[in-house]
Amino acid sequence: MPMPALARRHPLRLLALALPAALALSACGSGISLDEPIEGPQWRLVQLQGAPVDTGADPQAAPVVQFGGDGRVMGNGGCNRFSGSFTRAASQLRIGQLAATRMACAEPERGQRETQFFQALQTTASYRLQAPARLVLLDGGGRTVAVLDR
C-alpha cells in the first residue's frame with residue numbers, strides 16, 4: 001500500500017496529529033470517568049492514613065461506608081454504626097457531621113481505628129477512582145486519607 005503524500009513529505013507532522021488522537025482514545029477506553037458516581041455500593045476500608053487495614057476474620061470489624069442517592073452517608077466504623085449527609089460535585093466530596101452509636105469497642109486498637117476512620121471521612125474534600133472498584137478519599141491538600149474497595 002503506498003504511503004500518503006502527507007506522510008512522505010512531513011512524517012513528524014503526521015505523528016504530531018496522530019499522537020494526541022491515540023492518547024485521547026486510550027483514555028476513553030479506561031472505563032473510569034472523572035465524575036463516576038460512588039453512590040450505591042458498600043465501600044470497605046482497606047487503607048487508612050497510609051497503613052493497610054487488617055480486620056482479621058471478623059467481618060463485623062471491617063469499617064464500611066455507603067453513599068446513598070439521597071445525599072445520605074451511612075456505614076459501620078468497626079464498632080459503631082454511623083450516618084450523616086454528603087454532597088458530591090464532580091470529584092469534590094464533602095461529608096457532613098456524622099452521628100454514631102456509642103458502643104464500646106472490645107479491642108482498643110479497633111476503637112482507635114474507628115476514630116481515625118471517622119476523622120478521615122470528616123476531612124475528605126475530594127475523591128479519585130483508581131479503578132472501578134477502588135475509591136481513594138483525599139483531604140483538602142490532596143493527600144490520601146483512606147482507600148476503600150467495593
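## Leu-137 and its contacts

Leaving aside neighbours within four places in sequence, Leu-137 is in contact with Leu-93, Leu-121, Thr-124, Ser-126, Tyr-127, Arg-143, Thr-144, Val-145, Ala-146 and Leu-148. Contact here means heavy atoms within 4.5 Å. The model is predicted: local features need pLDDT of at least 70, side-chain atom pairs count only at pLDDT 80 or more, and totals for chains, interfaces and linings use all residues. Residues are numbered from 1 along each chain as its sequence is written, and side-chain values use heavy atoms, with hydrogens and water left out.

Leu-137 sits in strand 9. Helices (H or I, at least four residues) and strands (E, at least two) are DSSP runs, numbered from the N terminus. Leu-137 has a relative accessible area of 0%, so this residue is buried. Buried means under 20% relative accessible area, exposed over 50%, and partly exposed in between, with a 1.4 Å probe and protein chains only. The C-alpha atoms of Leu-137 and Thr-123 are 9.1 Å apart. Along the chain, these two residues are separated by 14 residues.

## Asp-139 in its loop

Asp-139 lies in the loop between strand 9 (134-138) and strand 10 (144-149). Its relative accessible area is 12%, so Asp-139 counts as buried. A polar atom of the Asp-139 side chain lies 2.9 Å from the backbone nitrogen of Gly-141.

Which residues does Asp-139 contact, leaving aside its neighbours within four places in sequence? They are Thr-123, Ala-125 and Val-145.

## Strand 5 and its partners

Strand 5 (residues 81-89) pairs with strand 4 (residues 72-76) in the antiparallel sense, over five bridges. Two strands pair if DSSP finds at least two bridges between them. Met-74 has Ser-83 in strand 5 as its bridge partner. The hairpin of strand 4 and strand 5 has four residues between the strands. In this hairpin, Gly-78 takes a positive phi near 115°.

Strand 5 also pairs with strand 6 (residues 92-95), antiparallel, over four bridges. Arg-88 has Leu-93 in strand 6 as its bridge partner. These two strands form a hairpin with two residues between them. Ala-90, in the turn, has a positive phi of about 55°. Strand 7 (residues 99-100) is another antiparallel partner of strand 5, with two bridges. Here Phe-82 is bridged to Ala-100 in strand 7.

## Aromatic pairs

How many aromatic pairs does the structure hold? There are four. Rings of Phe, Tyr and Trp (its six-membered ring) pair if their centres lie within 6.5 Å; planes under 30 degrees apart count as stacked, over 60 as edge-to-face and the rest as tilted. The rings of Phe-67 and Phe-86 have centres 5.0 Å apart and planes at 75°, so this pair is edge-to-face. The pair links distant parts of the chain: Phe-67 is in strand 3 (residues 64-67) and Phe-86 in strand 5, 19 residues apart. Both Phe-67 and Phe-86 are buried.

Phe-82 and Phe-117 form an edge-to-face pair, 6.2 Å centre to centre with 75° between the planes. This pair also links distant parts of the chain, with Phe-82 in strand 5 and Phe-117 in helix 3 (residues 108-123), 35 residues apart. Phe-82 is buried because its relative accessibility is 3%. Phe-117 is buried too, at a relative accessible area of 0%. Together with Phe-118, Phe-82 and Phe-117 form one aromatic cluster.

Technical notes. Polar contact = N/O pair within 3.5 Å; in protein donor to acceptor, adjacent residues only side chain to side chain.
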